[in-house]
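Have the model open while you read.

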Amino acid sequence: MRRSRLLFSLLLVAAAGTVTTAAVPQQRPAATAPVPLDRVIPAPASVRPAGAAYTIGAGTRIRVPANSAEARRIAGYLAGLLRPATGYPLPVTTRGGADGIVFRLGGRDTRGLGPEGYRLTSGGRAVTISAARPAGLFHGVQTLRQLLPAAVEKDSRQPGPWRVAGGTIADTPRYAYRGAMLDVSRHFFTVGQVKRYIDQLAQYKINTLHLHLSDDQGWRIAIDSWPRLAAHGGSTQVGGGPGGHYTKADYREIVRYAASRYLTVVPEIDMPGHTNAALASYADLNCDGQAPPLYTGTKVGFSSLCVPKKITYDFAADVIREIAALTPGRYLHIGGDEAHSTSHEDYVAFMDKVQPLVAEHGKTVIGWHQLTGARPAKGALAQYWGYDRTGAQERQQVADAARNGTRLILSPADRAYLDMKYDKDTPLGLSWAGYVDVRRAYDWDPGGYLAGVPAGAVLGVEAPLWTETLATSADLEYMAFPRLPGIAELGWSPARTHDWDSYRTRLAAQAPRWDAQGIHYYRAPGVGWPDGG
């Protein structure tokens, strides 16, 4: 009997051993480390890792100040981003507490952060985002997104865990103006497509959307006093497609949506050149009184408003008045580049008459840098789009204007133009300014880019995206990503953080996020994408 008990015991031990051995492969793997605090784009001004990570869970609440409707709105935006992938309710509450995701507006720890800066502190109980203004909270939210696993960007429930590394980020922008331009004239893009681009810009703390609303190939905004501009001038595009235009309600919706992502819309009506769509719509705008046909090609420099005619300034005054009334932002762009069919004397005379029309409606003039060859109005901004082959005289003209008080937005075509081909094999885009690979787009310093320009004269940077060859959102994304984040970093991050090797590591880490968001990006060589690309 003792033998039977002993045998039974041995069998139990053996069975237990078998079960234990079989169960080992089924244990859950250890949780992956959270994203390091310095693995974000744009690079933060200050990063101090410390302490335990915070884990978003089923009981996490987003706590906001009771007296700020904007903070509540931003918290709702964050909850809307996180709920699909986490599956958590993430209620927004004004009840005080030191746990969860906490928004703070004002207070001692926001001093020195300015209107757009933020402080993000993560620990075992909470992630706290503090800012002096709501824009700072919003930018802090974009950083928080990048500190979570890339799967948080998906629109279906994912396994997690949702951990945020411990420590503190204190962050403020280098430049006040961080822009992206979208050309909706060469090819028309719908309100929905523009909104999609706005969301992509906001992730990288871009704060300005410059809309190129008129050109030779299309007029894209309804003007009540000149209705044929949109009805006729907006009826086509490059290649002869159907074109399109924004009603005033459409434009207001774009402005509203951009503002909800803390982007200011800068409308551009290009004058006196790039005006064939207007000239085709109204014969009287032509010196000979004859309206040219609509244009669907891609040449530049052949069109001009008739500078001596009074009706030209009636037209400009009406257009500026109606667009200024729709635009809450402080800037209105009047173009002014490639006016090859306008004599220098006429160009100067035109700018002398049109710049005051902008000021009459409380707006500040922006013009392409050719404006510096005329007489820039006091406070006007010049947007520099020259490149390595730009002549010394033209560069000197810009530098002289900058020393005399004209501030600059830098958009060098061989660095910041997102429509330039990456290389000779790029299926989209142009190459007149050369090929612009990802490193070239990133590896320049706005503060020292133009010789003779005081660093303080640079207001910021902008990444234009011209659309002669781009007709879909996928086209826009292919040319903007991965170069756009680099321009955004030049605009936001301190110059001391600028380092290609660090940047390309952080850039590669964005790929799973873009995959999760369905962004159609170009897998540029030399970056080191996660799966070896």
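What follows goes from the whole chain to two of its parts.

This is a predicted model, where local features need pLDDT of at least 70 and side-chain atom pairs count only at pLDDT 80 or more, while totals for chains, interfaces and linings use all residues. Numbering runs from 1 along each chain as its sequence is written, and side-chain values use heavy atoms, with hydrogens and water left out.

The chain has 16 helices and 19 strands, taken as DSSP runs (H or I, at least four residues, for helices; E, at least two, for strands) and numbered from the N terminus. Of its 533 residues, 56% count as buried, meaning under 20% relative accessible area with a 1.4 Å probe, protein chains only. The C-alpha atoms fill a box of roughly 120 × 50 × 45 Å along the principal axes.

Now the sheet. Seven strands form an open sheet in the order β1-β9-β6-β7-β5-β3-β4, with mixed pairing; two strands pair if DSSP finds at least two bridges between them. β1 and β4 stand at the edges with a single partner strand each, so one side of each has no neighbour in the sheet.

| Edge strand | Residues |
|---|---|
| β1 | 46–49 |
| β4 | 92–93 |

Strand β3 (residues 62–63) pairs with β4 in the parallel sense over two bridges, and Ile62 sits opposite Val92 in β4.

On to helix α9 (residues 344–360). Its buried residues include Tyr347, Phe350 and Met351, and their cover includes α8 (310–326), β15 (331–333) and β16 (364–368). Just after α9, Gly362 takes a positive phi of about 75°.

Conventions
The expected span of a helix is 1.5 Å times one less than its number of residues. Buried means under 20% relative accessible area, exposed over 50%, partly exposed in between (1.4 Å probe, protein chains only). Contact means heavy atoms within 4.5 Å.
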